[in-house]
Protein chains: 2
Amino acid sequence: MPTTLTKLINQQVRLAARPVGLPKAGDWQLTEEAVAEPAEGGVLVKVLALSLDPAMRGWMNEGRSYIAPVGIGEVMRAGGIGTVVASRHPGFAVGDAVSGIPGVQNYWTVPAEQVARSGLAKIDLRLGSVPQWLNVLGMPGMTGYFGLMDVGQPKAGETVVVSGAAGAVGQTVGQIAKIKGCRVVGIAGGPAKCDWVVKELGFDACIDYKAQAPEGVSSTKSRWDAVREGLRQHCPKGVDIYFDNVGGEILDTVLAKINLKARIIICGAISQYNATSAVAGPKNYLSLLVNRARMEGIVVFDYADRYPQAIAEMAGYLKDGRMVSREDVIEGGVAAFPNTLNKLFSGENFGKLVLKVADY
Amino acid sequence: MPTTLTKLINQQVRLAARPVGLPKAGDWQLTEEAVAEPAEGGVLVKVLALSLDPAMRGWMNEGRSYIAPVGIGEVMRAGGIGTVVASRHPGFAVGDAVSGIPGVQNYWTVPAEQVARSGLAKIDLRLGSVPQWLNVLGMPGMTGYFGLMDVGQPKAGETVVVSGAAGAVGQTVGQIAKIKGCRVVGIAGGPAKCDWVVKELGFDACIDYKAQAPEGVSSTKSRWDAVREGLRQHCPKGVDIYFDNVGGEILDTVLAKINLKARIIICGAISQYNATSAVAGPKNYLSLLVNRARMEGIVVFDYADRYPQAIAEMAGYLKDGRMVSREDVIEGGVAAFPNTLNKLFSGENFGKLVLKVADY
């Protein structure tokens, strides 16, 4: 291992406190450490880019979930792409591009015993760019692919509605549904996102859930009226599949429009993640009864052994132009993480939110 | 046709107004008509007993559902058992025992064009008594059977929780789940029902959701604490299947205890049917996401072509004593319908609520 590595500084963002509502500056701590060299069997990865995901908000809360919470004082968990800069593991060589869960830091030292279960995997940058490997070829893409295909089981001619349509998961879901022959209607915030979803991604329509809310006025009622009216207009045959990334009032509004035997994929509920009162349950859930419909959760990790197949399929779509992707890459390195994360919750990001940590 | 029939009086209960909250006396109208003789191809049925079901409350509301609402001025819809007293249809003879949807009246005249689609069917009273044909061998039994078996797909060793455990659907669900090798925990109101569910039906345990509520005091909090504590105690391996007849806080409490890949069957929500404000959505629905679990509605009519198979199976269990049934048979005839129906919503009934209309 080159001795110069040990002179490098590893900047890290640690969780300082469990946020109440929207995370604020005091919930984070910026720390610096010397880079730790890998021991026998370990790997050292230089982080190039990090994935910023709505799910991160859940990881910051205490309590039982599908994954352990990030501990106070620990480096914040984050997926990312990097380059191997030192390796004492036979499976990895200096220069290999890799994906994994490095956390919010510049360097990720993976001990021998964690290589197998850390998700560290070599990736082929000929299949997609670094940001694309965090988007359509990464966790959001896998989530959208398996959520739609395995839980939703779309059939050609069915109507698929997806919320967060311009987001990382949403763009994948809608494009795959189009490729599979469905009518696809997105829900997104603002005319720019809606235009892009229709013109660039090829959705049949996109409903602006922020429409009709007078500027500066939070007119909640008119928003959901716009969604209701949009569904009536763009889903003349009702809704067969709803891929839900947002929860809240939008979930309720779509529930009122589902067809017999509809499938609702519960992928997330970004509208609820910063709620300081109880999560709003879907008041219209009895539509499941009336319509013999199904609401089912998806967690992408369950499909890990099938990622390669999905990545190959999606890389093919990227290559032949049937699928496009959009990433919102923020410069500024590790220290920019706290402010960048909050863009997700205000809906400021446009496409998959990526934090660039080093040149690639 | 004997001319004496035309001298009979048909007493009927009609819907006079759409109820707000719990149905009250003024929502009903008692009418009398001469019995109509069947025309060519038709059948006249003397009603013996009527089924009183929570779903009736939904039929009284305006608006889209899985079945058309009962119109104002129409005879209230009700399933029932009767005897053919006149027939001009080759498939039915005087004296045949039949089941169907006669409505709340003493005599049901089925015109030729409705015989096929009215659900009129001959039944074999050697397989079960009149009340049992409205319970385990009738709609509640079919609902429980197909909801549990087709939607729930129980595996031996799994833990099944069922609410409304002493009710018509609940008693069927729990007993079938026991026969299929599951651990079964009921939820019911009051020690008498809970004792019966455990001692007579053979459930492994039954949680009294009314426990710890001081007499005369509606201490909502303590009720759900009792359910939570009961689930902790009686479901040490969590909940794999929840068959929900009640909705509301109990659904939320169970959602917090479900296992990976759990199945929640949405059969009803009796706690919400008389709500004058919006239905309470399940605040803990994101447990579906965390646990990759599924919530799915069931409507029994979808399984009509498989009723014979299920009836045969259940009749076998009744005969060999592996299944018992309990009906709460109320005397008083058609005029007693309005008051009897409300027993369902107060939880006063103990077992399947049946209104006896004539001697059998």
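Analyst: Gladly! Let us begin with strand pairing: two strands pair if DSSP finds at least two bridges between them. Helices (H or I, at least four residues) and strands (E, at least two) are DSSP runs, numbered from the N terminus. This is a predicted model, where local features need pLDDT of at least 70, side-chain atom pairs count only at pLDDT 80 or more, and totals for chains, interfaces and linings use all residues. Residues are numbered from 1 along each chain as its sequence is written, while chains are lettered from A and ligands numbered from 1 in the order in which they are written.

User: Which residue of β13(B) is the bridge partner of A:Arg294?

Analyst: That partner is B:Glu296. β13(A) and strand β13 (residues 294–297) of chain B run antiparallel, joined by three bridges.

User: How many residues does each chain bring to the contact?

Analyst: Residues are in contact if their C-beta atoms, placed from the backbone, lie within 7 Å. Here chain A brings 25 residues and chain B brings 25. On the chain A side, β13(A) gives the most, with four residues.

User: And where are the domains of chain A?

Analyst: Domain bounds come from an automatic or database domain assignment. In chain A, domain 1 covers 3–135 + 326–356, and domain 2 covers 139–301. Their C-alpha centres are 29 Å apart. Between them, 17 residues of domain 1 are in contact with 14 residues of domain 2. Helix α1 (residues 55–59) of chain A supplies the largest share of the domain 1 side, three residues.

How values were computed:
Contact = placed C-beta atoms within 7 Å.
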